[in-house]
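Colleague: I am new to this one. Could you walk me through how to read its features, step by step?

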Amino acid sequence: MLTHEENQLLCRVEGDAPMGQLMRRHWVPALLSEQLVESDGAPVRVRLFGEDLVAFRDTDGRIGVLGEYCPHRKASLFFGRNEECGLRCLYHGWKFDVDGKVLEMVSEPAESGFAEKVQHKAYPTHEAGGFIWVYMGPKDEMPEFEPPPWAPTPEAKVSIVKIDLPCNWAQIMEGQIDSAHSSSLHSSDMKPARVTTAGATDTHWTRPSTDKNPRIQVQLTNYGFRYAALRRPITNAQTHDYVRLTVYVAPFTALIPPNSSYNVASVIVPKDDVSSYFHFIAWGNDDCIDQESWRKFCVAQVGIDLDKNYKPVLRTRANNYLQDRQWMKLGNFTGVPGIPNQDIMMWESMGPIADRTSERLGASDIAIVQFRRVMIDAARKYAAGGPPIGLIEPHIPQAKLRSYQGIVPKGEDWRRLGASNEEIALIEGMEQDETEAEMAAAAHS
């Protein structure tokens, strides 16, 4: 369990909160590219870390992310005209380009020079991997943009489910790095089978294990951590382990064990203290599942399950997610279709910010405990003037990070499974540091 102070440090992201300020030092996946397809199209509201923004694609295809409220009289630019390479406020006609520069100020005398004295809030943007990214920290600290793990090359095929949820980012992320829950909560969608590796069909996933009590082992890294959930496989259980290896890439990303058809990732971005954007991503090569099929598989289709702003409309807390108790009696574990919907039911039931002060954690929660320790420690170190987690040297490009799943001989070092040469070198370096620290402590004692 956490103290109240620790829970606040982990969860709060608005204003000067250390966690939010740390996150602002990273490139933030702010909205989907599909939300801004049309040049001179309708602007889109975005809320990040408690800050209201508006995004638009201008006449030349450039993307702007500006403060939502016009600096003149604070009217919303969401209602503005997107025209001729700028966003024009309807109230008095002030017009801003993607960099927040005033292009026109029709309500003021041209000779006043007032337009040159006004600079509206604007954040740098980049488009990659199905997302429009923004950098919201100090310009002189802006890191170079690098491809995300789910789009290591521009040719990678990416399919994304997006859902706008009324709960804090940390309880969603904890769900993404909790391997133990999948054997229960998702047992009707992740079905045990006599297969040699995890697979995917149009209706469910398969996995080669019936074991609901995984042994959790964690390897800390300077970007977050990797951890293995070791289960008994259905075949060769005496000599082999079934390994599902999850990678947490602080602060937004969890790389979930793949299947034979595609890789899987989750990206959690805080809107504010009590709401978040949840993204569930399938990615791979040309034969990867397409976007609409992925959303149908997840029971999260826009216009059916979600509204145009990606908020659930069919299954909500108000209608108990349309949980079907008769379906449960007939064998479905949750009575709710779709892996994300089953998770959402759990996350939202915890409240806007989960109370972690009275939890009773067990052995299967080791990765959850490590997540909390890593991020609370990262927030404290950042608040004390240290570098943000994920931007610490030696730096491994995110595009080289991978999760893993497979059946391996007992005793095989899972820490090397799926790891790039750069990551293995980092792991070995950290192990050497740990050994030297232990030797020094022993000598001192």
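Modeller: Gladly! Let us begin with glutamate 174, which counts as buried because its relative accessibility is 9%; buried means under 20% relative accessible area, exposed over 50% and partly exposed in between, with a 1.4 Å probe and protein chains only. Please keep in mind that this is a predicted model, where local features need pLDDT of at least 70, side-chain atom pairs count only at pLDDT 80 or more, and totals for chains, interfaces and linings use all residues. Residues are numbered from 1 along each chain as its sequence is written, and side-chain values use heavy atoms, with hydrogens and water left out.

Colleague: Which residue forms a salt bridge with glutamate 174?

Modeller: First the general idea: side chains of opposite charge can pair when their charged atoms come close. The rule here asks for a side-chain nitrogen of Lys or Arg within 4 Å of a carboxyl oxygen of Asp or Glu. The partner of glutamate 174 is arginine 372, with the closest N and O atoms 2.7 Å apart. Arginine 372 lies in helix α7 and glutamate 174 in helix α3, so the pair ties together parts that are 198 residues apart in sequence. Helices (H or I, at least four residues) and strands (E, at least two) are DSSP runs, numbered from the N terminus. Arginine 372 is buried, with a relative accessible area of 4%.

Colleague: How many salt bridges does this rule give?

Modeller: The count comes to 28 salt bridges. One of them joins arginine 24 and glutamate 51, whose closest N and O atoms are 2.6 Å apart. Arginine 24 belongs to helix α2 (residues 18-24) and glutamate 51 to strand β3 (residues 51-57), so this pair connects parts 27 residues apart in sequence. Both arginine 24 and glutamate 51 are buried.
Aspartate 377 and lysine 381 also meet in a salt bridge (3.1 Å, N to O). Being four residues apart in helix α7, aspartate 377 and lysine 381 are separated by about one helical turn. Aspartate 377 is partly exposed, at 35% relative accessibility. There is a network too: salt bridges that share partners join Arg81, Glu83, Arg88 and Glu104.

Colleague: And how do I read aromatic rings?

Modeller: A pair of aromatic rings is described by the distance of the centres and the angle of the planes. Rings of Phe, Tyr and Trp (its six-membered ring) pair if their centres lie within 6.5 Å; planes under 30 degrees apart count as stacked, over 60 as edge-to-face and the rest as tilted. This gives 19 aromatic pairs. Tryptophan 169 and phenylalanine 371 have ring centres 5.8 Å apart and planes at 75°, so the pair is edge-to-face. Tryptophan 169 is in helix α3 and phenylalanine 371 in helix α7 (residues 366-383), 202 residues apart. Tryptophan 169 is buried at 0% relative accessibility, and phenylalanine 371 is buried at 0% as well.

Colleague: Which residues form one aromatic cluster?

Modeller: Trp205, Tyr262, Phe278, Phe280, Trp294, Phe297 and Trp347 do. Trp347 is also one of the buried residues of helix α6.

Colleague: How many residues of α6 are buried?

Modeller: Nine of the 11 residues in α6 (residues 339-349) are buried, and the helix is mostly covered. After α6 comes glycine 351, whose phi is positive, near 95°.
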